[in-house]
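Hi,

Here is the structure I promised to send over.

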Amino acid sequence: QQPVQSPQAVILREGEDAVINCSSSKALYSVHWYRQKHGEAPVFLMILLKGGEQMRHEKISASFNEKKQQSSLYLTASQLSYSGTYFCGTHTDKLIFGTGTRLQVFP
Amino acid sequence: EAQVTQNPRYLITVTGKKLTVTCSQNMNHEYMSWYRQDPGLGLRQIYYSMNVEVTDKGDVPEGYKVSRKEKRNFPLILESPSPNQTSLYFCASSLTINYGYTFGSGTRLTVV
């Protein structure tokens, strides 16, 4: 089953913070995070492995709680360039993506 | 330049006319996958391949075929396309399942 992402949409002013959550009903080997800008292909941000450390990409970081089968993406001091749709991908025997969280950052 | 190349970028076809969308990567990646993207449904996996001659179904394989005869190529075949296969298709590859995916630019398919 597809992982569940929340919220479905976020609107921010530049400099504000946001958290995007991803949860799965299955035990996970890893969690991927991607960002897709309008009209473009998804771009890999980071991967979190079981037993691994919290990861970071610029001012974006993520955590992975294996026991709860959940991951969270933290966007700190958001920039205009952060706008796009964020997808988590959960890996069990294959990589399944969530339905996405649309993030819009305004000046 | 390391990349995943999909062709064509846009395709309009008629119901029942067989078509192939090509995907090629130049990074010596073992893992390749096809996804379709529809509004509100995210990216849904059609087929994936863990290596040459090894393919498996994703979540929405009906109406599609794939083959992996060479490591670099992973074509998607629609033997008899139907309007419900109108979608945006992405090919992706990674070194292994524990590495991030590199996506192709996408193929927008319309079946009339």
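This is a predicted model: local features need pLDDT of at least 70, side-chain atom pairs count only at pLDDT 80 or more; totals for chains, interfaces and linings use all residues.

Below is what turned up when I went through it.

**How the two chains meet**

Let's start with the interface. On the chain A side, 20 residues are in contact with 22 residues of chain B. The size of an interface is often given as the accessible area lost when the parts come together. Here chain A and chain B bury about 1,600 Å² between them, and 58% of that is on carbon and sulfur atoms. How many salt bridges are there between chain A and chain B? The count is one. You can find a salt bridge by looking at Asp59(B) and Lys94(A), whose side chains meet with 3.7 Å from N to O.

**The aromatic rings**

Searching the whole structure gives 12 aromatic pairs over all chains. A pair of aromatic rings is described by the distance of the centres and the angle of the planes.

Take Tyr31(B) and Tyr101(B): their centres are 5.8 Å apart and their planes make an angle of 50 degrees, a tilted pair. Tyr31(B) sits in strand E4 (residues 31-38) of chain B, while Tyr101(B) is in the loop between strand E9 (87-94) and strand E10 (102-103), so this pair ties together parts that are 70 residues apart in sequence. Are these two tyrosines, Tyr31(B) and Tyr101(B), buried or exposed? Both are buried.

Now compare Phe90(B) and Phe103(B). Their ring centres are 6.0 Å apart with the planes at 85 degrees, so this pair counts as edge-to-face. Phe90(B) belongs to strand E9 and Phe103(B) to strand E10 of chain B, so the parts tied together here are 13 residues apart in sequence. Phe90(B) has a relative accessible area of 1%, so it is buried. Phe103(B) is buried too, at 9%.

**A nonpolar patch on the surface**

Finally, turn to the outside of chain B. Ile12(B), Val14(B) and Val112(B) form a nonpolar patch there, with about 300 Å² of accessible area together. Ile12(B) lies in strand E2 (residues 10-13). Why does Ile12(B) count as exposed? Because its relative accessibility is 67%, and exposed means over 50%.

Cheers

Notes
Residues are numbered from 1 along each chain as its sequence is written. Chains are lettered from A and ligands numbered from 1 in the order in which they are written. Side-chain values use heavy atoms; hydrogens and water are left out. Patches are made of residues with over 30% relative accessible area and no salt bridge: like charges are joined within 9 Å, nonpolar side chains (Val, Leu, Ile, Met, Phe, Trp, Tyr) within 5 Å. Accessible areas come from the Shrake-Rupley method with a 1.4 Å probe; for residues, only the protein chains shown count as cover. A salt bridge is a side-chain nitrogen of Lys or Arg within 4 Å of a carboxyl oxygen of Asp or Glu. Helices (H or I, at least four residues) and strands (E, at least two) are DSSP runs, numbered from the N terminus. Buried means under 20% relative accessible area, exposed over 50%, partly exposed in between (1.4 Å probe, protein chains only). Rings of Phe, Tyr and Trp (its six-membered ring) pair if their centres lie within 6.5 Å; planes under 30 degrees apart count as stacked, over 60 as edge-to-face and the rest as tilted. Contact means heavy atoms within 4.5 Å. Buried area is the accessible area (1.4 Å probe) that two parts lose on being put together, summed over both.
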